[in-house]
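Please keep the sequence and the coordinates in view while reading.

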Amino acid sequence: MTAQVQPVALAHLLRQVPGKWVALRNGEIVDARDTLDELAASLEEQGIKDATVMRSPKDGEPELVGLG
Amino acid sequence: MTDEGPRWLFRYADDTATEVSELLGKPPPVRPVVPVRLTHLGQVTLRAIALVDSGSERVFAAPSMARQLRLDLSGAPEADIGLGGERRRVRFMYVGIQLFRDLLAGNDDPLTDWEADVAFLMDWEPPWAVVLGRDGFFDKFTVTMHGGVPALVLEPSGAFDERFGVEIAAAPNTQPRFRS
């Protein structure tokens with residue numbers, strides 16, 4: 001039996017907001033800010049607790065190894 | 001871990017840095033990631049997409065994650081760690097880590113949780129909010145990865161020995177493998 005696994009498609013979302021810290025929910029961007037602190041504050045103001053955050057690489061940023 | 005125990009598959013996430021892949025005529029890079037949240041004394045961080053890094057000895061977290069937990073790191077053990085070609089100051093705190101199922105769902109319950117020494121970066125904003133390394137993640141699970149499959153599988157720690165039919169003893173200079 002073969003079960004094909006595809007990666008989670010995040011790159012097309014992250015390219016919309018290069019260099020930002022991004023909050024994602026249900027496959028959509030709900031907020032994006034310059035720093036993680038700013039993003040956390042903004043989400044708290046909006047009462048959003050069910051988003052998942054990560055950083056979007058800058059345009060032209062090289063492929064990173066680990067923490068870069 | 002037995003055959004009836006939990007076995008969680010996490011798909012990798014694709015990466016925007018495609019220059020090298022295009023140069024080599026290969027598909028875009030993919031990253032081993034899992035969604036986690038840090039906890040401490042009733043405080044919780046945002047859920048973050050964490051990089052699973054078998055080359056990292058420690059679990060690292062961004063300075064903002066410490067602020068979200070309202071941690072007082074002033075008296076915490078501190079050290080310099082080499083990251084990104086620089087010496088980075090970190091302070092350690094024993095905090096909770098919750099693991100979730102879906103990268104993007106956001107409202108599901110944790111699959112499991114545990115406690116670990118987390119190295120909070122003091123003055124450098126890393127590209128990942130959390131990096132999961134050997135001490136605090138890989139010593140909690142049997143982590144199976146295959147370069148040709150864009151996914152990793154987490155099983156309880158004892159699955160390693162059951163798979164190979166022998167209990168492989170911990171080296172005398174390492175931390176205990178099985179902790180309650």
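## A hairpin in chain B

In chain B, β8(B) and β9(B) form a hairpin with two residues between them, and B:Gly84, which lies in the turn, has a positive phi of about 60°.

## Basis of the model

This is a predicted model, in which local features need pLDDT of at least 70 and side-chain atom pairs count only at pLDDT 80 or more, while totals for chains, interfaces and linings use all residues. Residues are numbered from 1 along each chain as its sequence is written, and chains are lettered from A and ligands numbered from 1 in the order in which they are written.

For chain A, the mean pLDDT (the predictor's confidence in each residue, from 0 to 100) is 91, and 100% of the residues reach 70 or more. Confidence in chain A is lowest in helix α1 (residues 11-14), at a mean of 92, and highest in helix α2 (residues 36-46), at 97.

## Chain A as a whole

Chain A has two helices and three strands, and from the N terminus on its elements follow the order α-β-β-α-β. The radius of gyration of chain A is 14 Å, whereas a compact globule of 68 residues would have a value near 11 Å; the radius is taken over C-alpha atoms, and the globule rule is 2.2 Å times the number of residues to the power 0.38. Taken along the principal axes, the C-alpha atoms of chain A fill a box of roughly 50 × 30 × 20 Å.

Of the 68 residues of chain A, 31% count as buried; a residue is buried if 20 or more other C-beta atoms, placed from the backbone, lie within 10 Å of its own, exposed if 12 or fewer do, and partly exposed in between. Among contacts in chain A between residues at least 6 apart in sequence, 42% join residues at least 24 apart, a contact being a pair whose C-beta atoms, placed from the backbone, lie within 7 Å.

## Chain B as a whole

Chain B has four helices and 13 strands. Its radius of gyration is 17 Å, close to the 16 Å that the globule rule gives for 180 residues, so chain B is as compact as a globular protein of that length. The C-alpha trace of chain B spans about 45 × 45 × 40 Å along its principal axes, and buried residues make up 37% of the 180 residues. Among contacts in chain B between residues at least 6 apart in sequence, 57% join residues at least 24 apart.

Chain B also contains an open sheet of three strands in the order β1-β13-β12, with antiparallel pairing. Its edge strands are β1 (8-11) and β12 (141-146), each of which pairs on one side only. Six bridges join β12(B) to the antiparallel strand β13 (residues 149-156) of chain B, and B:Met145 stands opposite B:Leu152 in β13(B).

## The nonpolar core

The largest nonpolar core has 58 residues, and those with the most contacts inside it are A:Val53, B:Ala50, B:Ala61, B:Ala129 and B:Val130. Such a core is a set of buried Ala, Val, Leu, Ile, Met, Phe, Trp, Tyr and Cys residues joined through C-beta atoms within 7 Å. Leaving aside residues up to four places away in sequence, B:Ala129 touches A:Leu36, A:Val53, A:Met54, B:Ala48, B:Ala61, B:Ala62 and B:Met65.

## Selected residues

A:Asp37 is found in helix α2 of chain A and counts as partly exposed, with 16 C-beta neighbours inside 10 Å. Not counting residues up to four places away in sequence, A:Asp37 touches B:Ser64 and B:Arg67.

A:Asn26, in the loop between β1 (21-25) and β2 (28-33) of chain A, has a phi near 50°, a positive value in a residue other than glycine. B:Arg70, in the loop between α2 (63-68) and β8 of chain B, likewise is not a glycine and has a positive phi of about 55°. A:Asn26 counts as exposed, with 12 C-beta neighbours inside 10 Å, and B:Arg70 is exposed, with 10 other C-beta atoms within 10 Å.

How values were computed: Pairing = 2+ DSSP bridges. Contact = placed C-beta atoms within 7 Å.
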